[in-house]
Structure formats: C-alpha cells, structure tokens
Amino acid sequence: MSGGESSFRTTFRLAVRLLFAGAYRAVFRRVRKALILRRLKRIETAESYRLWLDAELLSGRDRPGTGETDHSTSPTGGIALIFHGPAPESGEDVFISGGELRTRTAFPSRNRKGEVCAVSMWTEPRDGGGWLCGNLRRLLTGLEEEIVILVERGSGLLASAGEEVARAFAGNPGGVALFGDEVLEDRSARIARPFFRAGVSPRMLEESYSPGPVLAFHRERVKPFLRNNHEGALPAIYALLLRLADHEGALIHLPRPLGWTETGCAEHRLKARYGRLAPVAGRWIASKEGDWRTVERGDLPGTWRHRWCLPAKSRISIIIPARDRADYLERCIDSLFANPPSCDFEVIVADNDSRQAAARKYLADLEKTGRARIHSSPGPFNYSGICNGAAAVAAGNLLLFLNNDTEITRPGSLDALAEEASRPSAGPVGALLLYPDGSVQHAGIVIGMGGEAGHLFKGMSREGVEHFPSPLLPRDVSAVTGACLMIRRDRFFSLGGFNENDLPVAFNDVDLCLRARQEGYTVRYTPYAAVIHHESVSRPNEVEPREILWMERRWGRRLFVDPFYHPSLAWYDEKARILLPRMK
C-alpha cells in the first residue's frame, strides 16, 4: 500500500470514529482534506507556481489597458511612490522620489488560454528627475499624500498594489504600515514564483528583514511612531517597523503580492543586511529588555541572532515522562549531559508504571548516581497529569517538558530555549525537532492544519520550501509541541498547567499555547534548539475523538485561522503546498 493510500485510509477510519462521537465538523474537514490533498499531490511545484500566478496575479485587473479601477477605496489624499537605495552619485542610502509606469512581461508570459499576460509595474525612478531625502521622519511628515509606498530600489510595484493598499488601510482603521507578498523572477530561466510571507511576527522581524522590498505607510497614523534617525533609509525603516510590530494591529500583513524582484537582486541584498540591520535590532531589544550578550550570524544568509544573558540563579527542571523503553530514555538523558545548559539543571523522570526489568534497573541507577530524580506517576497513561505532577515537585524556575524518545543534538540547545523562555512576555517555547533521517518533524504548529493542528514542514528537509519563510528562522507561532516545550514555572501554573481532565493525551500542548496567547504571552519557535525525535516509540500516536470534540467546543473558530500562516497555502497537510484558488 502506498503512503498516500495509507494516509487516506487512516483519515477515513478516524472520520468514522468521529462520526459516531458526534464531531461532524471534524469529519467534514478531514474528508475534504483527504480529497483535496489527493489533487494537490498530482501537481508539481513548478506547475503550481504557474497556475497560481495565472489565477491570482495575471488576472484581468493586473493587465494593462483594462481600465478597471475601484474608486470606492481610493485614498482621498492620494498615494506617493518613493524609492530608497543608493543615491545615483554619492551611493548614500537615501529616499528618491518619482516613478514611471511601464509595462513588463512576467513569466510565465502566457496563461492557459494562450493570452499574453503582461503586468503593469512602476520600476525605477525617472532618470535625472526627482529629489533626494536622507531622513525618514522628514520624508513622511513633509509629503501631502495620504499613503506613502516605499519600494527598495531594484524591485518593482505591481499595478494593482495601490488599490490593494488603499483597500487594506480602509478596512483596518488601526493599521499604520503594511507589507505584502512578492513575485520573484529568474529571467534567465524564464521562471517566476510567488513568495508568501508569514503573518506579523515580531520575533522573526528581530533577526531578519522579513517584510520585503515593498512597504506602505499611512502618513497621519505613522507620525506618533517616528523618530530622528540618521543611519540611512533602510535602517530607519527597519527601526520604525520594530516599533510598529510591538503594537498589536499597527503592522499589517496583506496576503497579496505587491511587488516583484529579480532573484539575483534579492540574493545580493542579503549580503549587506547583517552589518546594517543587526545593530538596529540590538538597540531596540536593549531599550525594551536590557542588554543582550552578543550578536551572531544566523543560520541563513542575511539573518542574525541575538544572545541573552540568563537571569541570575536560573535553573532548568527537565521533566521526562517515561514507561519502559530504557534504551530510548538512556539516549535522551545521555544527550542532556553531553549538551548541558550554561545554568544549573535537574532531570526528573516521571515514571508511569515501568515494568520491564531493564527499565526498572536503569531508573534505580539514575537515582543512585544522582543523575535524575524519579517521580512515580502510576495509573492509566495521562500525559497531562504526569507532567503536572512532576512540575509540582520541580525546583527550577524554568520547566522543560521532554519526551523520552528525544535526543539533544545541537550544543547550546537548552540555552537557546532558556533564553527565549526567560524574556518578559514569553510563554511556551518550542524547538526544531528532526526525524533520525534529518527531515523535519516539528518547526512550529499551524492551527487548523489537517483538522485541529499540524506540524508545518513535517517530513521535509530543514530548508523548507522556496515560497515560504524557512524553518531555520525563529518566529512567533500559534503553538509548539509538548515533545520539547520550555516555559517559566510560575507562568505554567498561572495558566493552569496542562488540561489533564479533558485532554489527557492529545492537544494538551496546543491548548496550553492557545491559553498563553489569550493571556497576552508569546508562543515562539527557535531553530537554534535542535532535537532528534523518534516520535511515539513508547506509545502509538493516536487521537481520541472526544479530545477533538472538546477542542472544537472550547476554541471554536480559533481552530480555523492561524495568523502566522498564509491563506494561499494548503491547510490539508504539512508540506506548505500552494492552494490553488479553485480549491479554497
């Protein structure tokens, strides 16, 4: 039986169980998922790019000469188009006024009907025209237009962008700035592909310039956030975005392509990002949370990583639920001592009625040598109850819930989790979990994926896909897996711990994360903590219909929308496939 056929039958069996349990909406979602997934798997990635561009970008409203404009959302004060980049003579990073409307053929240049599809775009500033300005505050306060669109020099603006931006600001009265998606063109290979940006993630923005080359500002709304900045155009824009991202609703992600960039230009820009923007982020973080320890290059080109000093007397209590399987437990604990944190730590094994002689002997040896404390958790398996009981006897100010079938593989992983979890607004923090073959098992949870929640990039390489931000970027997420989850002890208990009454086995981690976000805490994923996860070797990976039904009743429509994902990507599996409009 093929993997796809096996997955389809598994979905069908679960749907039958859900039907008898009365979870009708869950049945509908799973059956629809299986049917659409079958269709998506037949479409090659390159073909999905062509089909998406044909349907979403090369539509009638984006072709020149259609004469169709929606005046109902046009801003009364007009739109100013400003480029920024090196000045023609001095090379200074400045703002440059003026742009001309040109016609450019995008690839693929013909749609399925054989029509030539040229996209009208503003490109470079007019030769010999316009004016220069080196100060962002003076620029935005000196213009008369209601909306200001800033385009990084070397990129272009799609013809429909002005209308899309005006409509977005009209529908979001609190919106101050917005960014959108992008079309990347490889003109030598005659290929174009969309790049879908994730929703607003302050964490991702702190360590990469994630909004892209096209930004729009509402001139009046942005004034309270402006500061004097003399470092150049891009650092000033970046500092402003960091301030806006700290105010909920001020920075908006518009899930539509606004601009285009040639791939060579995009790669060239990344080389200059680290030196110019990492210090800006460092000063912003220091102004909010105190000094950070150091800055390093990130795992991806054009990204950076800030390291924090852990609070004095920090201690991590590592809680490992276990039953038998001493071989996996031994590997897990050995990996902890091979890659210890810089602060004090303790290991608590929450034993759920281990009966195998090898397991009982290993537990006794752990306690005898002082490598771990053994906390007895007898009775039927209840992951939530086992973790809550062990957390109650933990001595650390930080709790790490860790599955017994995991192994820490990257030095500094525990410090990476502790640094994130110790930040003032932090809730749960998750790690990059990998299968033994190196493919991704967890890089953050997407709410609604596959039903209630799913692991983005599951089964893929750690580089992810080329049309969505990489799993090697830290970011805000809706939830992280309990297989490796760190949280402050006081915060864990203030949230009520894991729900051991309604969610003894599944979704307890998702529920905890949703409660944390509801209380205003962040939920974050860091790729700088890397863990091998053998996944459910001690127990089968089962989902009980009653737990699904409880999640639907408790969280309702919040299970259907994830602010950190993208509506043009499929919710039906974890591969971030492009969802064609007719399948939405």
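This is a predicted model: local features need pLDDT of at least 70, side-chain atom pairs count only at pLDDT 80 or more; totals for chains, interfaces and linings use all residues.

Colleague: OK, then at what angle do H15 and H16 pack?

Modeller: About 10 degrees, with the axes 12 Å apart. H15 covers residues 508-518 and H16 covers residues 545-555. The two helices are therefore roughly parallel to each other.

Colleague: Which residues meet there?

Modeller: From H15, Val510, Asp511, Leu514, Arg515 and Gln518. From H16, Trp550, Met551, Arg554 and Trp555.

Colleague: And how do the residues of that contact divide?

Modeller: Five nonpolar, one polar and three charged.

Colleague: Switching to the cores. How many residues does the largest nonpolar core have?

Modeller: It has 64. Met551 is among the residues with the most contacts inside that core, and so are Phe401, Leu456, Phe457, Phe468, Phe492 and Tyr565.

Colleague: What does tyrosine 565 touch?

Modeller: Leaving out residues up to four places away in sequence, Tyr565 touches Ala198, Gly199, Val446, Met449, Leu456, Phe468, Ala570, Trp571 and Ala576. There is also a second, separate core of 41 residues, including Tyr238, Ala245, Val280 and Ile285.

Colleague: Now strands. Why call S8 largely enclosed?

Modeller: Because nine of its ten residues, 177-186, are buried.

Colleague: Which strand does S8 run parallel to?

Modeller: S11, residues 251-262, through nine bridges. Leucine 184 has threonine 261 as its bridge partner in S11.

Colleague: What about S9 and S10?

Modeller: S9, residues 191-195, pairs with S8 in the antiparallel sense over five bridges. There, glutamate 182 stands opposite phenylalanine 195. S10, residues 214-218, also runs antiparallel to S8, joined by three bridges. Phenylalanine 179 has leucine 215 as its partner in S10.

Colleague: Last one. Is glutamate 206 buried or exposed?

Modeller: Buried, with a relative accessible area of 3%. The cut-off for buried is under 20%. Glutamate 206 is found in H6, residues 202-206.

Colleague: And what does glutamate 206 touch?

Modeller: Tyr238, Leu242, Ala281, Ile285, Trp304, His306, Trp308 and Arg423, again not counting residues up to four places away in sequence. Tyr238 and Ile285 you've met already: they belong to the second core.

Methods: Residues are numbered from 1 along each chain as its sequence is written. Side-chain values use heavy atoms; hydrogens and water are left out. A nonpolar core is a set of buried Ala, Val, Leu, Ile, Met, Phe, Trp, Tyr and Cys residues joined through side-chain atoms within 4.5 Å. Buried means under 20% relative accessible area, exposed over 50%, partly exposed in between (1.4 Å probe, protein chains only). Contact means heavy atoms within 4.5 Å. Helices (H or I, at least four residues) and strands (E, at least two) are DSSP runs, numbered from the N terminus. Two strands pair if DSSP finds at least two bridges between them. Axes are lines fitted to C-alpha atoms, for helices over the stretch in contact, and angles run from 0 to 180 degrees between N-to-C directions. Angles under 35 degrees count as roughly parallel, over 145 as roughly antiparallel, 65 to 115 as roughly perpendicular and the rest as oblique. Ala, Val, Leu, Ile, Met, Phe, Trp, Tyr, Cys and Pro count as nonpolar, Asp, Glu, Lys and Arg as charged, and the others, Gly among them, as polar.
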